[in-house]
Every structure is written in structure tokens, then in C-alpha cells.
Amino acid sequence: MIYSIVFSIIFPVLAVVLFKSSVLYIALMSIFALATAFFSFLSKKYDKLTIVFLFIGLLLAGFGYIRGYAVDLFMVITLISTTFSSLFSFKNNKLYIVLAWLFNAIAIGTYVYLNVSLSRAILIAVLVFLAGYRDIMPQKNTEEEENS
């Protein structure tokens, strides 16, 4: 819980200090960061998925800063993704996890599109969404598989 709160607050701070983002991006990042922190606090659970989304987002934003990439839009979409992920942890509704993985795929696809190419962005976005497919679909019980 504490990691997701701290990581979500770091995003808008980075946008102000390092990236010198526009006011619109800073406002959007602040809103979604506070929503992520709020839902993480309410869920009172250790949410690995939200922490992984935030950590990967911070890592890619750091690499983008070093290489001089445009990462403002990527950071906003990553925070939208983490908001839905923390909402899933709080409410346990499958729609939220689908939206979290969808926005995460869009975020990473946007990062690749802005900095590499459109064709690679589409491929990577599809692969990221398919990687999250196992979180979306119900998992079979291993005892049922052994009995069959």
C-alpha cells in the first residue's frame, strides 16, 4: 500500500521538477496520482500490479528523460492505468482490470510511438495487453485439472 502511494505521488513531482511539463499534464497527473493513492489507501492491500505499473512507468520515464524523449503523455496514461488497477484492488471488479491493462498497453504503445515508430508501438501494445490477459480471464483450479 505505501509503495503505490509513494510511487504515484512521485509522478507529478517528476513532471514539475525534471520534465517541465505543461500545466495540463501536471493537473491530469496530479488528479490520477491522488486517485491512485486514495484507492490504494482504501484497499489496505499490497497491490503488486499497481506497484509494477508505477515502477515500470517511472523506469521508462527515467530512460526517456535521459534520452530526451517526450514522456508527458505516457506518464498521464500510466497514471490512468494505475488508477484502474488500484480500483480493481479496492472493488474487485473485472472491468477495472481490463481497463488497467488496456490503458497500460496504450501507455507503453504511446511511449514507443512517440519515440520509435508506429508499427512497433502497435505490436508492443498488443503484446502488453496479451500479457495481461491472464489477469483478466478466470484461472482454472489445479485440483479440477488433476481430477479430469
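## Helix 1 against helix 2

Where helix 1 meets helix 2, the residues in contact (heavy atoms within 4.5 Å) are Ser 4, Ile 5, Ser 8, Ile 9, Phe 11, Pro 12, Ala 15 and Val 16 on the helix 1 side, and Ile 26, Met 29, Ser 30, Ala 33, Leu 34, Thr 36, Ala 37, Ser 40 and Phe 41 on the helix 2 side. By class, this contact holds twelve nonpolar, five polar and no charged residues, where Ala, Val, Leu, Ile, Met, Phe, Trp, Tyr, Cys and Pro count as nonpolar, Asp, Glu, Lys and Arg as charged, and the others, Gly among them, as polar.

This is a predicted model, in which local features need pLDDT of at least 70 and side-chain atom pairs count only at pLDDT 80 or more, while totals for chains, interfaces and linings use all residues. Residues are numbered from 1 along each chain as its sequence is written, and side-chain values use heavy atoms, with hydrogens and water left out. Helices (H or I, at least four residues) are DSSP runs numbered from the N terminus.

The axes of helix 1 (residues 2-17) and helix 2 (residues 23-43) come within 8 Å and cross at roughly 170°; axes are lines fitted to C-alpha atoms, for helices over the stretch in contact, and angles run from 0 to 180 degrees between N-to-C directions. Helix 1 is therefore roughly antiparallel to helix 2, a term for angles over 145 degrees.

## Helix 3 against helix 4

Helix 3 and helix 4 pack with their axes 9 Å apart, at an angle of about 170°, which makes helix 3 roughly antiparallel to helix 4. From helix 3 the contact takes in Leu 49, Thr 50, Phe 53, Leu 54, Gly 57, Leu 60 and Ala 61, and from helix 4 it takes in Phe 74, Met 75, Thr 78, Leu 79, Ser 81, Thr 82, Ser 85 and Ser 86. These residues divide into eight nonpolar, seven polar and no charged.

Ser 86, found in helix 4, is buried (under 20% relative accessible area, with a 1.4 Å probe and protein chains only), at 1% relative accessibility. Leaving aside neighbours within four places in sequence, Ser 86 is in contact with Ala 35, Thr 36, Phe 39, Ser 40, Asp 47 and Thr 50.

## Aromatic pairs

Seven aromatic pairs are counted, a pair being rings of Phe, Tyr and Trp (its six-membered ring) with centres within 6.5 Å. Phe 53 and Trp 101 form one that is edge-to-face (planes over 60 degrees apart), at 5.0 Å centre to centre and 85° between the planes. Because Phe 53 lies in helix 3 (residues 48-67) and Trp 101 in helix 5 (residues 94-115), the pair ties together parts that are 48 residues apart in sequence. Phe 53 is buried at 3% relative accessibility, and Trp 101 is buried with a relative accessible area of 10%.

Methods:
Rings of Phe, Tyr and Trp (its six-membered ring) pair if their centres lie within 6.5 Å; planes under 30 degrees apart count as stacked, over 60 as edge-to-face and the rest as tilted. Helices (H or I, at least four residues) and strands (E, at least two) are DSSP runs, numbered from the N terminus. Buried means under 20% relative accessible area, exposed over 50%, partly exposed in between (1.4 Å probe, protein chains only). Angles under 35 degrees count as roughly parallel, over 145 as roughly antiparallel, 65 to 115 as roughly perpendicular and the rest as oblique.
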